[in-house]
Amino acid sequence: MVNRATMGVTRFIAILILGIVTLWDGSASGGGKVVATVLTSDLPRYKEAHHAFVRALSARGNELEIITQTPNPDPISWANTLRKFNAVRPDVIVTFGAPATLAAVQETDNIPIVFADVYGPVETGLTRSMTRTGNNLCGASSKVPVATLVRSMMEIRPVKTFGILYNNREAGAIVQLKELKRLAAQHGFQVAEANVPSAAGLDAALNHLVARSDCLFVTESSVVGRQIDRVMRRAREARLPVISTVPDASEKGALLSLEASPAEQGQLAAEFVVKVLGGKKPGEMPIASPHRVELVVNLNAAKLLGLQVPFRTLSVATKVLR
């Protein structure tokens with residue numbers, strides 16, 4: 001049997017290997033506990049959520065060690081990261097995004113999981129209910145109504161075929177693909193698909209969609225997200241509008257974006273961590289839905305495309321880029 005002192009040394013060595021991202025001292029409410037976080041690909045949306053998460057915990061005066069890993073967007077990298085965390089045995093694992101969360105559920109045992117920025121916890125198979133997960137995880141959904149995004153695009157210009165960029169290894173992106181297909185069946189437009197499992201395949205995927213589409217839909221795929229500047233450049237060349245659920249997509253050149261706030265996702269994750277460390281069972285808490293959702297209209301993109309944005313669309317937008 002390994003005694004507590006030996007376990008403490010083992011954990012300390014594992015933490016040194018992984019790297020302590022941040023450490024602060026405050027009240028003893030955290031009890032010197034360890035929180036392990038996973039940020040897929042170090043994407044800006046996850047970095048923003050993580051920074052908000054750390055700030056929210058720090059403001060509460062908890063004494064915590066936070067260790068962070070940023071694996072590549074592939075199943076092997078996600079699994080390897082979680083196996084490293086198994087060696088550390090943190091008090092809580094925090095995951096940003098559906099792929100990392102699904103990997104945590106599969107790879108970890110008896111370690112509470114708090115997730116953030118998961119698009120559709122029910123649809124991705126993490127839980128059967130938004131009211132309680134019934135198992136060892138809890139967290140915040142980032143699901144926004146794709147129907148609102150599509151309807152807003154149709155108000156600006158009718159679309160016959162939406163071309164969608166996604167990654168079939170990322171659950172949230174697949175959920176968005178399915179949602180777009182359901183809307184297509186209801187409203188009579190077509191969907192052209194392009195699976196992008198790696199950055200190397202992006203140019204071929206864009207060429208495929210440009211030839212078949214009159215609007216591009218960029219899903220939350222981390223592979224595509226890391227290459228969003230390339231997507232926007234190719235769309236401008238083809239004079240195609242871009243819509244997306246990716247935070248700051250409109251800032252990058254998309255005509256429309258419908259965004260859940262990454263900062264809010266991080267703050268919600270911090271609230272769940274505090275509750276879990278305080279003794280609450282993760283599976284008994286309801287999943288949090290996003291409250292801060294923005295419909296962003298980029299009038300500069302509209303001008304470049306020769307499009308007029310109707311007053312109705314502008315009136316419901318929460319942010320207009322001029």
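Student: What is a salt bridge, and which residue does Arg 234 form one with?

Tutor: A salt bridge is a side-chain nitrogen of Lys or Arg within 4 Å of a carboxyl oxygen of Asp or Glu. In this predicted model, Arg 234 makes such a bridge with Glu 237, and their closest N and O atoms are 3.8 Å apart. Both residues sit in helix H9, 3 residues apart, so about one helical turn separates them; helices (H or I, at least four residues) and strands (E, at least two) are DSSP runs, numbered from the N terminus.

Student: What should I know about the numbering and the rules behind such values?

Tutor: Residues are numbered from 1 along each chain as its sequence is written, and side-chain values use heavy atoms, with hydrogens and water left out. Because this is a predicted model, local features need pLDDT of at least 70 and side-chain atom pairs count only at pLDDT 80 or more, while totals for chains, interfaces and linings use all residues.

Student: Which parts does the salt bridge between Arg 230 and Asp 203 tie together?

Tutor: The side chains of Arg 230 and Asp 203 meet at 2.9 Å, N to O. Arg 230 lies in helix H9 (residues 228–238) and Asp 203 in helix H7 (residues 202–210), so the bridge joins parts that are 27 residues apart in sequence. Salt bridges also link Arg 45, Asp 117 and Glu 220 in a network.

Student: Where does pLDDT stay under 50?

Tutor: pLDDT is the predictor's confidence in each residue, from 0 to 100, and the mean for the protein chain is 90, with 90% of its residues reaching 70 or more. It stays under 50 over residues 1–17 and over residues 19–30. Where pLDDT is low, the predicted coordinates should not be read in detail.

Technical notes: Contact means heavy atoms within 4.5 Å.
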